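Subject: Structure handover and notes

Hello,

Please find the structure below. My notes on it follow.

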Amino acid sequence: EIVDTIAALRSRVATRRSAGPLGLVPTMGALHEGHASLIRQARAECSTVVLSIFLNPIQYDRPEDLERYPRSLDVDVALCASLGVDFVFAPSVAEMYPVPLECRVEVGRLADHLCGKFRPGHFSGVATVVLKLFEIVQQDRAYFGEKDAQQLAVIRRLVSDVNIPTTIIGVPTVREPDGLALSSRNQRLDSRERQLALALVR
């Protein structure tokens, strides 16, 4: 079932809590086999699985990057259905941010290097939207790819620092045959950039 409002999702999951563990797979859409591995693990471990699709504007410091992010909701929903997801939560920006934010999560030293060094405010935006999703869904387990290692570290620390009663599950990276990690952004690489990206694997 596709749900696009916070109130409706809360109502739906409330009826499922007594059935067993509730799992959340947070995504920005453009799902691929890496996301499928998260879903499969959540499905194996949880009675109810919620997958969120939300392209979060507050984690982008460059508007053009947000605009170029691939969008494929119909294809994503079909994949979710085939893998047994119970609810796809696909809110609008207005639903998630009805008024400009005055309060955000501040991320310290975990965000001052690697990816965070080159994307100011990115991990604050990630941590803020993840906290919002956690409060909306109130899941028992949440599933994230180990590919996004710095993000995973930030989320683990967020859960610890603010005492969120959820278990964070890191799922191993899924790779192309040549070793490049699957990513929604890979489709933006030209042939030369695709070869250069293999330096990361080496």
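This is a predicted model: local features need pLDDT of at least 70, side-chain atom pairs count only at pLDDT 80 or more; totals for chains, interfaces and linings use all residues.

A nonpolar core, as used here, is a set of buried Ala, Val, Leu, Ile, Met, Phe, Trp, Tyr and Cys residues joined through side-chain atoms within 4.5 Å. Buried means under 20% relative accessible area, exposed means over 50%, and partly exposed is in between, with a 1.4 Å probe and protein chains only.

Residues are numbered from 1 along each chain as its sequence is written, and side-chain values use heavy atoms, with hydrogens and water left out. Helices (H or I, at least four residues) and strands (E, at least two) are DSSP runs numbered from the N terminus. Contact means heavy atoms within 4.5 Å.

In soluble globular proteins, nonpolar side chains tend to be buried together. Here the largest nonpolar core has 34 residues, and Leu9, Val50, Met96 and Phe134 have the most contacts inside it. Two or more residues each are given to this core by helix 1, strand 2, strand 4 (87-89), helix 7, strand 5 (141-145) and helix 8 (149-161). Helix 7 supplies the largest share of this core, nine residues. There is also a second, separate core of 19 residues, with Ala36, Ile39, Ala42 and Leu51 among them.

With neighbours within four places in sequence left aside, Val50 is in contact with Leu9, Val13, Leu22, Gly23, Leu24, Val25, Phe87, Phe89 and Val137.

Helix 1 and helix 7

Two packed helices are described by the angle between their axes and the distance between the axes. The axes are lines fitted to C-alpha atoms, for helices over the stretch in contact, and angles run from 0 to 180 degrees between N-to-C directions. The axes of helix 1 (residues 6-14) and helix 7 (residues 122-137) cross at roughly 50° and come within 9 Å. The two helices, helix 1 and helix 7, are therefore oblique to each other; under 35 degrees would count as roughly parallel, over 145 as roughly antiparallel, 65 to 115 as roughly perpendicular, and the rest is oblique. Helix 1 makes the contact with Ile6, Leu9, Arg10 and Val13, and helix 7 with Glu135, Ile136 and Val137. The residues of this contact are five nonpolar, no polar and two charged. In that count Ala, Val, Leu, Ile, Met, Phe, Trp, Tyr, Cys and Pro are nonpolar, Asp, Glu, Lys and Arg are charged, and the others, Gly among them, are polar.

Thr128 is in helix 7 and is buried, at 4% relative accessible area. Its side chain reaches the backbone nitrogen of Val105 at 2.9 Å. That is a polar contact, meaning a pair of N or O atoms within 3.5 Å; within protein, one must be able to donate a hydrogen and the other to accept it, and residues adjacent in sequence count only if both atoms are side-chain atoms. Beyond four places in sequence, Thr128 is in contact with Ile58, Leu101, Arg104 and Val105.

Leu133, also found in helix 7, is buried with a relative accessible area of 5%. The C-alpha atoms of Leu133 and Pro26 are separated by 8.0 Å, and these residues are 107 residues apart along the chain. Leaving aside neighbours within four places, Leu133 is in contact with Leu24, Pro26, Ser52, Phe89, Met96, Gln138 and Gln139.

Gln138 is in the loop between helix 7 and strand 5 and is partly exposed, at 46% relative accessible area.

His32

His32 sits in the loop between strand 2 (22-27) and helix 2 (33-45). Is His32 buried or exposed? His32 is buried, with a relative accessible area of 18%. A polar atom of the His32 side chain lies 2.9 Å from the backbone nitrogen of Gly34. Not counting residues up to four places away in sequence, His32 touches Leu79, Leu182, Ser183 and Ser184.

Positive phi

Most residues other than glycine have a negative phi. Leu114, in helix 6 (residues 114-118), has a positive phi near 50° and is exposed at 57% relative accessible area. Asn163, in the loop between helix 8 and strand 6 (167-171), has a positive phi near 60° and counts as exposed at 63%.

Regards
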